[in-house]
Amino acid sequence: MENKKGFYENKFNVEKRITFSTLICNLFLAIGKLLGGIFGFSYALISDSINSFGDIVTSFITLIGTKMGSKKPDIDHPYGHQRLQSISIVIFEMVVIFSGILIVYQAINDLVNYSSTGEGLIPKNIALIFAGIAISVKFVLFLFTNFYSRKYKSSVLKAASFDHLFDTVGTLFSLIGIIFAIYFSISWIDSAMSLIIGILIIIVAIKVLKENIDTLVDKAWDEKHIQEMRNYIIEKYSIIKSIDKLSTRVFAEQVYIDLEISLDKNMTIEESHKIAESIEIDIENRYLEVIHVNIHINPS
């Protein structure tokens, strides 16, 4: 259990460092994209900068949530504060969805205006430079964040890595729009790419939002893990007559298990307790996410 405790302490520290680094990077990227969009006459890049400014807000919210979520259990919160992280991600994604809606609204207005007037701005080459730099930085951030999200099974870093990946794809769309507008004089395509970026923002954010809402309502662990655990217990502990109940609940990123098993009614309390204790330790050591196993014994 000490190793598991150390793992979660390292996890929280890594989450805080990466979230703070992301906040700083998003600040510079947002300013860079905005300047590139203004001086380069690119609506898509300006829309992308709005998303990056939203990322600054969400990174700050996530940083606070991660810091508070890493607090140790106390009298008022005996199960810890990890759900604060999930709450911060929910707020994070709601801000992202709102920024996506703003981008879609502006892009549609620009396209309607173009259809009625036939006029539109042609971006300049400087917009290409800013877009290329933003793509490179965001892709590196995605690789880095995705690696640690997998290593620590972190929903906070998973959400951040999705955001970095989307930003990379979104800015790539901006770059394509800028290229077509500059070299093929198709001015409306910049706004069309901005529309695509906004729609992608909303779709990805809704997906991540749903995942984290599930962690706030005690959703059961996934069926694959439950069945695997059931089979493992039955195979290893042949002395068990039957598994009468196996229920799970996900608390933030951690899992609590309630297990009812039937044992020979002639067993002593000490014998049945040793079996239950062995199963509890075995399951908690086997699955990193499992924090506690509560076992009830029925006489068979």
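Predicted model: local features only at pLDDT ≥ 70, side-chain atom pairs only at ≥ 80, totals over all residues.
Residues are numbered from 1 along each chain as its sequence is written, and side-chain values use heavy atoms, with hydrogens and water left out.

**View 1. The protein as a whole, with eight helices and three strands.** Helices (H or I, at least four residues) and strands (E, at least two) are DSSP runs, numbered from the N terminus. Walk along the sequence and you get α-α-α-α-α-α-α-β-β-α-β. Of the 300 residues, 47% count as buried, that is, under 20% relative accessible area with a 1.4 Å probe and protein chains only. Take contacts (heavy atoms within 4.5 Å) between residues at least 6 apart in sequence: 74% of them join residues at least 24 apart.

**View 2. Helix H7 (residues 223–236) packing with helix H8 (residues 269–286).** The angle is about 135° and the axes lie 12 Å apart; axes are lines fitted to C-alpha atoms over the stretch in contact, and angles run from 0 to 180 degrees between N-to-C directions. From H7, Glu228, Met229, Tyr232, Ile233 and Lys236 meet Asp282, Ile283 and Arg286 of H8. By class, that contact has four nonpolar, no polar and four charged residues. Here Ala, Val, Leu, Ile, Met, Phe, Trp, Tyr, Cys and Pro count as nonpolar, Asp, Glu, Lys and Arg as charged, and the others, Gly among them, as polar.

**View 3. The largest nonpolar core, with 23 residues.** Such a core is a set of buried Ala, Val, Leu, Ile, Met, Phe, Trp, Tyr and Cys residues joined through side-chain atoms within 4.5 Å. Ile257, Leu259, Ile279 and Ile283 have the most contacts inside it. The largest share of this core, five residues, comes from S2. Leaving out residues up to four places away in sequence, Ile257 touches partners including Met229, Leu246, Ile283 and Val293.

**View 4. Histidine 164, in helix H5 (residues 155–184).** At 1% relative accessibility, this histidine counts as buried. Skipping residues up to four places away in sequence, histidine 164 touches Thr22, Lys138, Leu141, Phe142 and Thr145.

Methods:
Buried < 20%, exposed > 50% of the residue type's maximum accessible area, 1.4 Å probe, protein only.
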